[in-house]
Amino acid sequence: MRKYLCAATALLLAALVAGCGTSRSSNSSSSGGQGSSKSYAELRWGFTTFSGPLDWSRDVGVTQAAIEQLAVQNLMEFETDGKIKPGLASSVEQPTPTTYVYHLRSDVRFSDGKPLTSADVVYSLDRNMIGKEVWLKPYWEDVASVSARGNSTVVVKLKQPSTIWPEILTFSSQIIEKAQAERLGEKALGTPNDLLIGTGPWKFDNYKPEASAELSRNPYWKGAPQPAAKITVSLFKSEAALALAIRSGAVDGTFSYVTPRVFANIPGTKELTAPGVFVTFVSANTTTPPFNDVHVRRALAYATDVKGIIHALFPPGTATEDQTVVPPVLFSDLGSTQQVKATLAALPKYTFSLAAARRELARSAYPHGFNTTIEVEQVATAEVSAAQILAADLAKIGITAKVHELSPDEAPTLFTGKTKLLIGEQGTVYNDPEGVMANFLLPGQVHPPGSGTNTANYRNVEFDKLLHDESTEILSPTKRLQMIGKLLGILGREAPYWPIYTHKYQGVISEKYVFPNYSALTSYFTPWALGVKLAH
């Protein structure tokens, strides 16, 4: 996430005022019908495992986010169609370009019965600016201050105007109980004996790291009916193990898997699908030999058989080959279809060619090849297979690459700035190219001081200046499209990252349930289980 807050998240062409959201293109798909209003005893969900606390602010990972949002709300939220709406805020005012005033709902209580106050909100938001372990910090570096105005109003002042500040709050403003947090201290929050106290529709009852999390209804919840009395989230070491649990009936569903073939055609289930906003990519560390040589990076890009990988790993129509690391669907609000196509068509493209790869390698300081390791998370079966296919093709141009599968405990090392070559996946939490660019490209995301999601350690003076200029272009989508085209052109020529595929956002759910308006935007940063209803 960029040093400049206004480039950390997506476009809003008009400020969010008086509680009204900005319209966005839809990003959802129904699982069939709106379902029954009846409540039911238990929803059994599944994800691949992670290690660390159930505190997404301190432990970056979308699975943590998806679980936490069942119990902990944001100040602002996404609707299923991508509009922004108040969450714990009842309304929002913007008296100046750099001042936002949030009026809190008066009916909100934490799951222990204590009322929500402005002090809880200020404390929670301040964590993003001063918390030593909070990975969200780079998003908040242009926040000048957060203060309470009475017991039910919070004022946020920015250092400069931001087109996307309201969207930042949709995924980085989890409000927790101040009294509990101060009593326990940061390191204890989210651990098995000290689970977060939030205001969401469910409350945490139990958490066993790498095994399960259990939640039950928050008795003080005043929002939409909670369909499930209890939610049990089981954590699996692989997607194959998760698929077997769904096949056996032990788990009712999942989303955010990356290997569709593993979950295809499970009896008694149906597919969930929505446009893809997650890109699988190769990242080369630009600060470490041999990948500090641009010709080496280009050689590897030419040696990446994208079409072959997609054909081997995905059913027809579920993954696409893209021109750049930003999925095309994210450009929809910046110009017409033809304008977007023209912008993307002008970008550099590395069509699979071992001959071209050999020519680039011959121009490098390593014309006879080298040995290296491709790192990939063990739980991501498709990415492991993609790494193996890439390694086989690299061998044909003289590069010996070993595939290293990282266990869940090892996976955080991918974000320490030390990885040389990796295959991974990045996504967005909002409908704009910034959503992906903020993860890949911000200088503030190089580790340290950032979270390390800029795994290529990519820095370029011209690029960084243009990135900042683009982030402050608040009036003209067309101009932003042109500037983003220039940015992605530089990225293509320098190849710190290159895309492999964008896959549809998919899930699978038991036929007993429906999941209307299933969406990539709302599955992680809203209490998504409110939408999982009995089919009849």
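User: What makes Trp56, Tyr524 and Phe525 contacts of Ala65?

Analyst: Contact means heavy atoms within 4.5 Å, and Ala65 touches Trp56, Tyr524 and Phe525 once residues up to four places away in sequence are left aside. Keep in mind that this is a predicted model, where local features need pLDDT of at least 70, side-chain atom pairs count only at pLDDT 80 or more, and totals for chains, interfaces and linings use all residues. Residues are numbered from 1 along each chain as its sequence is written, and side-chain values use heavy atoms, leaving out hydrogens and water.

User: Why is Ala65 called buried?

Analyst: Buried means under 20% relative accessible area (1.4 Å probe, protein chains only), with exposed over 50% and partly exposed in between. Ala65 has 0% relative accessibility, so it counts as buried.

User: How do you know that β6 and β8 pair?

Analyst: Two strands pair if DSSP finds at least two bridges between them. Strand β6 (residues 99–104) and strand β8 (residues 153–158) have five, in the antiparallel sense. Thr99, for instance, has Lys157 in β8 as its bridge partner.

User: What makes helix α3 pack on the sheet, and at which angle to β6?

Analyst: Helix α3 (residues 165–172) touches β6, β7 and β8. Its direction makes about 45 degrees with that of β6; axes are lines fitted to C-alpha atoms, for helices over the stretch in contact, and angles run from 0 to 180 degrees between N-to-C directions.

Conventions
Helix = DSSP H or I, 4+ residues; strand = E, 2+ residues; numbered from the N terminus.
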